[in-house]
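Dear colleague,

My findings follow directly after it.

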Amino acid sequence: MKEFIKKIVPSNFLDFYHYFLAVFAVFFYRFPSRKVKVIGITGTNGKTTTAHLVAEILQNSGHKTALISSIKFKIGDKEWKNILKMTMPGRLKLQKFLRQAVNANCEYMVLEVTSEGIKQFRHKFIDFDCVVFTNLTPEHIERHGSFEAYKKAKGKLFQTLSDLNHKTISIVNLDDNVAGYFLGFSADEKWGYSAENSKYKIQNSNIKNVVAKKREVSPNKIKFFVNNVEFNLNLLGEFNIYNALCAICIALSQGIDLEICQKILGQTKGIFGRMEVVVKNPFTIIVDYAHTPDAFEKVYKTVSQVLSNNNFKIIGVFGSCGGGRDKWKRKEIAKIAEKYCDEIILTNEDPYDEDPEEILNEIFSGFSDARNLKISKILDRKQAIKQAVKIAKPDDIVVITGKGCEPWMRVANNKKIPWDDREIVKQEFNKLLK
């Protein structure tokens, strides 16, 4: 019904409806963002990990903090799962949560900001104190019309700073190709973070640059230095160095010492469903949320370079989201999987009202040499995971992507099936041990 209404109602009317809800919500909940410091994080990938890391730093350095991420809601020490299957809640839920955070005397609010949320005015009437850009790669292109439109949607978060009367801070990943675009928006204070060998050099002395040097990625952790302070984190992958560096940059902009960041991040155990190692022995099973080609490749690159040895094979289990969402990427993830995997199991992943079989066929069409690959199609995702566990040998690595720790699978007729890739992995692995 919801999708049908979207098709028959003029887009201008829908825009008015979303904007009206934003106005109503902020008045109903009495402009709560004016009484808490709001940090908004946008970008294609890395939002969730960065949000969780910075919330950890803020909370454990003595600042009561609220958080909304794709994984959970948090107010101080109280937290609960985000079961909405929506990274950024609607306007009423969002303003209500902000009011709850204020009533609980939170000093900070950390919020993931999505392009869809911006398109529906969910960010409106939130007085952001600090806005953050992680990176930009193609996603939601069919929804926005073009990559340029997608970029501009993200930019609207940064535009909000120019209308505010309090001190504003913007933070940008200087190594991203569109960093200059986001640096172009006005802010009272600008920060950037980058790698030691960054191609993007900032000459403007008004931008405070935080650089990660001597970076190392091992099977158990990542290591880097910022201003001669050594960071050791229990996270995997080069991309997590950027996520950690972004969180450090946010913390520094809020006056938190580098040594405090070092101590707190060193105790972080990892983020649910993000390069999460669910099984370690006799083979490895990793569950990750990666669903864009960029994130997909980063996961497999990390697995092949860091976790691998000479006697292993990589078994990839994945599908692609339905509902008309970025159909172009289906062939792209096939090309990436073909480059890294020894065996591939294609399976269901939130098909919505699309034909699941057709989704798998579109992915399959992206393989350039399918005859020389071990590829199977198992629509039932639980059975696909069971098969991967069954065929894995000692030292092999099973990579299950697309859903991470999401609590639902969305199928036809707007039906939601309770789900958790990690729990299914544990169930099937335990059966194997019996």
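Phe-16 is a residue of helix H2 in this predicted model. Its relative accessibility is 54%, so Phe-16 counts as exposed. Phe-16 also belongs to a nonpolar surface patch of about 750 Å², made together with Phe-13, Tyr-17, Phe-20, Phe-24, Phe-28 and Leu-92. Helix H2, which spans residues 11-28, gives the most to this patch, with six residues.

Aromatic contacts

The whole structure holds 21 aromatic pairs. One of them joins Phe-16 and Phe-20 in a stacked arrangement, 6.4 Å centre to centre and with 25° between the planes. Both residues lie in helix H2, four residues apart, which is about one turn of the helix. Phe-20 has a relative accessible area of 45% and is therefore partly exposed.

A further pair, Phe-158 with Phe-185, is tilted: the centres are 6.1 Å apart and the planes stand at 40°. Phe-158 is in helix H7 (residues 147-159), whereas Phe-185 is in the loop between helix H8 (179-183) and strand S8 (189-195), so this pair ties together parts that are 27 residues apart in sequence. Phe-158 is buried, with a relative accessible area of 1%, and Phe-185 likewise counts as buried, at 13% relative accessibility.

Two lysines are placed over aromatic rings. The charged end of Lys-78 sits over the ring of Trp-80, at 5.3 Å from the ring centre. Lys-214 lies over the face of Phe-225, with a distance of 5.2 Å to the ring centre.

Cysteines

How many disulfides does a search of the whole structure find? The search finds zero. Cys-130 is in no disulfide, and the nearest cysteine sulfur, that of Cys-249, is 8.2 Å away. Cys-130 is buried, with a relative accessible area of 0%.

Backbone features

A cis peptide bond joins Asn-281 and Pro-282, with omega at about 5°. Pro-282 is found in the loop between strand S12 (276-279) and strand S13 (284-288).

Asp-350 has a positive phi of about 45°, although it is not a glycine. Asp-350 is located in the loop between strand S15 (343-346) and helix H13 (356-364). Is Asp-350 buried or exposed? Asp-350 is buried, with a relative accessible area of 2%.

Asn-413 is another residue other than glycine with a positive phi, near 65°. Asn-413 lies in the loop between strand S18 (408-411) and strand S19 (415-418). With 72% relative accessibility, Asn-413 counts as exposed.

Yours sincerely

Terms used:
Residues are numbered from 1 along each chain as its sequence is written. This is a predicted model: local features need pLDDT of at least 70, side-chain atom pairs count only at pLDDT 80 or more; totals for chains, interfaces and linings use all residues. Side-chain values use heavy atoms; hydrogens and water are left out. Patches are made of residues with over 30% relative accessible area and no salt bridge: like charges are joined within 9 Å, nonpolar side chains (Val, Leu, Ile, Met, Phe, Trp, Tyr) within 5 Å. Accessible areas come from the Shrake-Rupley method with a 1.4 Å probe; for residues, only the protein chains shown count as cover. A salt bridge is a side-chain nitrogen of Lys or Arg within 4 Å of a carboxyl oxygen of Asp or Glu. Helices (H or I, at least four residues) and strands (E, at least two) are DSSP runs, numbered from the N terminus. Buried means under 20% relative accessible area, exposed over 50%, partly exposed in between (1.4 Å probe, protein chains only). A disulfide is a pair of cysteine sulfur atoms within 2.5 Å. Rings of Phe, Tyr and Trp (its six-membered ring) pair if their centres lie within 6.5 Å; planes under 30 degrees apart count as stacked, over 60 as edge-to-face and the rest as tilted. A charge sits over a ring if NZ of Lys or CZ of Arg is within 6 Å of the ring centre and within 35 degrees of the ring normal.
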